[in-house]
Amino acid sequence: MKKKKLTGLIACLILVTLLSFLIGRYQNGNPFGFLTSNNLYQQLFFQLRIPRVLTALLIGSGLALAGLVTQIIFQNPLADGGLLGVSQAAGFGAALGILIFRGNSIWVQLFAFGFGVLALIISILISGKIRGNKILSLILAGIAVSAVFSAGIGILKYLADPIDQLPAIVFWLLGSLAGSTWQVLIRTMIIIVPIMIFFWFYRWRLNLHAMDKEIAFSLGLKNKIELWASLLASVLLTSSIISISGIVGWIGLIIPNYARMIAGSDTSNSIPVTLLLGAIFTMICDDLARALLPGEIPLGIFTAFLGALMFIGLLINKEKIT
Amino acid sequence: MKSNSIRFNNVSFGYSGRKIIIKNFSFEIPTGSRTALLGLNGTGKTTLLMLLLGYIAPLEGKITLLKDGQEFPITEMNGAVGYLSQNENIPFDYTMQEFIMLGRAPHILKFNVPSEYDFKVSQKIIQSLDLASLAYSKLGEISGGELQRVRIARTLAQEPEIILMDEPMTHLDIKNKKYLNGLINNLKETGKTIIYSTHDPLDVLNFSDRCIIMGKNNKFEAGETERIIRSKTLSDFFEIPITVINEKGNKSIVVH
């Protein structure tokens with residue numbers, strides 16, 4: 001049964017990927033234009049569309065995985081990868097990058113990534129000063145850090161040149177894969193793929209992080225390094241993805257919940273399904289972003305809209321979110 | 001051969017900046033015994049269990065395991081000390097089967113998944129605890145008594161030498177309580193050491209070989225149940241007049 005579901009999802013992933021290659025606005029959306037001798041079309045197809053679709057696949061899997069890991073570590077099915085102020089801080093970093101470097105994409109990405117990691121470090125430092133439950137302290141510190149950076153984003157928007165910089169910041173904050181190229185894809189893979197491989201092999205033991213600390217300790221989870229490594233890996237995943245795509249919300253929250261509905265709560269089953277579903281969902285959203293209207297629509301709008309609808313479906317269909 | 005035991009050697013503990021909860025505890029718990037920790041709320045029963053688990057370290061003194069003439073810190077017993085907490089937060093809805101399998105963690109490498117052998121071990125435990133009919137049920141669907149049994153099954157899947165239970169009887173009805181007691185007796189026969197906390201002296205009298213009674217101001221006494229569960233000791237530790245009746249299988253505790 002489980003094998004069947006997994007095979008079905010893999011087939012679905014391949015199908016959606018191939019279809020996404022064919023969807024686009026160029027030449028009235030003729031899907032097989034790249035077969036013609038039109039040079040521009042071929043270039044567009046091989047240099048822009050393919051890397052973009054693959055980037056959507058990769059960041060979708062990554063964001064969903066980061067969400068799942070965060071939910072496990074914080075024992076909370078409604079957590080997501082942006083929980084520790086990572087999203088807002090990365091947004092702040094990107095906005096700052098746009099202001100200072102006039103939209104030079106490498107610097108914007110580096111700033112987004114750097115501030116995302118900085119948010120984690122600040123959250124950890126603050127939580128160390130709070131008495132009581134460590135995990136709860138970390139969440140509280142994260143909320144505070146998140147608020148500070150979102151105020152910071154407000155200031156930067158206010159300061160930005162309304163003709164040229166402000167739209168860039170707003171567009172970035174809404175998330176988009178419009179800037180994807182092979183270079184961006186490879187740069188993303190360097191961080192994301194090793195982390196995915198790590199969690200792939202760690203997929204069963206990750207379950208222990210969802211248990212009460214004393215019980216996990218008794219079961220051999222004695223070393224704090226495992227907890228911090230998992231948490232750091234999920235934050236690296238989130239902030240490196242946000243740094244190239246902007247803030248693409250809801251994937252990390254909603255996809256793991258649907259994955260658990262399909263595959264059950266055991267992370268050795270839910271991780272593969274989370275990776276597949278995240279990729280499929282994000283590619284579909286990005287197809288809509290690219291092709292629905294003559295102009296590009298920010299990706300984050302679709303993930304939020306569809307994600308929220310799926311969330312409502314989840315609430316109605318299940319008495320308990322697991 | 002020297003008898004094996006868990007040894008508390010002058011152990012003290014208190015959370016930093018707060019008052020000492022356990023002070024100069026020295027006693028031995030023979031392995032293979034059923035030992036009860038008895039005392040009023042707040043006398044440090046759970047703290048003592050946490051020390052045994054190695055989850056917290058003593059401020060002073062040592063807790064060691066004496067085994068076949070060798071003595072080593074209890075913290076070195078990776079996975080060999082099982083722990084059943086009083087309440088457990090289970091945020092995700094595992095099936096019973098998946099949940100019990102988690103008990104195999106100490107036997108599975110970090111970057112690996114359960115093997116066929118792990119599956120067999122957990123199946124055997126599921127059978128022995130009469131849980132087979134629930135194997136694919138979600139934990140959210142079963143009763144409190146069943147959940148307690150499932151959690152015990154997970155602890156047994158761990159194949160621990162020592163099992164710590166924090167007030168395992170507290171939320172159970174009479175039927176489940178009787179079942180648990182039967183189970184504890186069976187485990188004793190397989191040579192496991194069982195240490196559990198309770199605040200009911202009658203449970204201690206009925207179901208344990210040894211007792212550590214804990215009172216206010218770091219007072220404690222340890223020894224065989226018959227020696228500890230006496231009218232004078234109980235009245236002293238519980239601060240109310242108590243009479244213990246224990247003759248020819250007729251056991252009861254009368255609170256005046």
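This is a predicted model: local features need pLDDT of at least 70, side-chain atom pairs count only at pLDDT 80 or more; totals for chains, interfaces and linings use all residues.
Student: Okay, and which residues of H13(A) are buried?

Tutor: A:Leu299, A:Gly300, A:Phe302, A:Thr303, A:Gly307, A:Phe311 and A:Leu314.

Student: How do you know that they line one face of the helix?

Tutor: Look down the axis of H13(A): the buried residues fall within an arc of 155°, so they line one face. As a general point, an α-helix has 3.6 residues a turn, so residues three or four places apart point the same way.

Student: What do those buried residues pack against?

Tutor: Four helices of chain A: H3 (39-73), H7 (165-174), H11 (251-263) and H12 (267-291).

Student: And which exposed residues sit on the face turned away from the buried side?

Tutor: A:Phe305 and A:Ile316.

Student: Why is A:Ile316 called exposed?

Tutor: Its relative accessible area is 68%, and exposed means over 50%, so A:Ile316 qualifies. A:Ile316 also belongs to a nonpolar surface patch with A:Phe305, A:Leu309, A:Ile312 and A:Leu315, with about 530 Å² of accessible area together.

Student: On to charges. What makes B:Lys110 and A:Glu226 a salt bridge?

Tutor: Their closest N and O atoms are 3.5 Å apart; the cut-off is within 4 Å, so the pair counts. B:Lys110 lies in the loop between H2 (96-101) and H3 (116-128) of chain B, and A:Glu226 in helix H10 (residues 224-245) of chain A, so the pair joins two chains.

Student: What about B:Arg154 and B:Glu88: how far apart are their closest N and O atoms?

Tutor: 2.8 Å, and they form a salt bridge. B:Arg154 lies in helix H4 (residues 144-157) of chain B and B:Glu88 in the loop between strand E6 (81-84) and H2, so the pair ties together parts 66 residues apart in sequence. B:Arg154 and B:Glu88 are both buried.

Student: Which residues are linked in a network of salt bridges?

Tutor: A:Arg52, A:Asp286, A:Asp287, A:Arg290 and A:Glu296. Over all chains, the structure holds 19 salt bridges.

Methods. Residues are numbered from 1 along each chain as its sequence is written. Chains are lettered from A and ligands numbered from 1 in the order in which they are written. Side-chain values use heavy atoms; hydrogens and water are left out. Patches are made of residues with over 30% relative accessible area and no salt bridge: like charges are joined within 9 Å, nonpolar side chains (Val, Leu, Ile, Met, Phe, Trp, Tyr) within 5 Å. Accessible areas come from the Shrake-Rupley method with a 1.4 Å probe; for residues, only the protein chains shown count as cover. A salt bridge is a side-chain nitrogen of Lys or Arg within 4 Å of a carboxyl oxygen of Asp or Glu. Buried means under 20% relative accessible area, exposed over 50%, partly exposed in between (1.4 Å probe, protein chains only). The arc is that of the directions from the helix axis to the C-beta atoms. Contact means heavy atoms within 4.5 Å.
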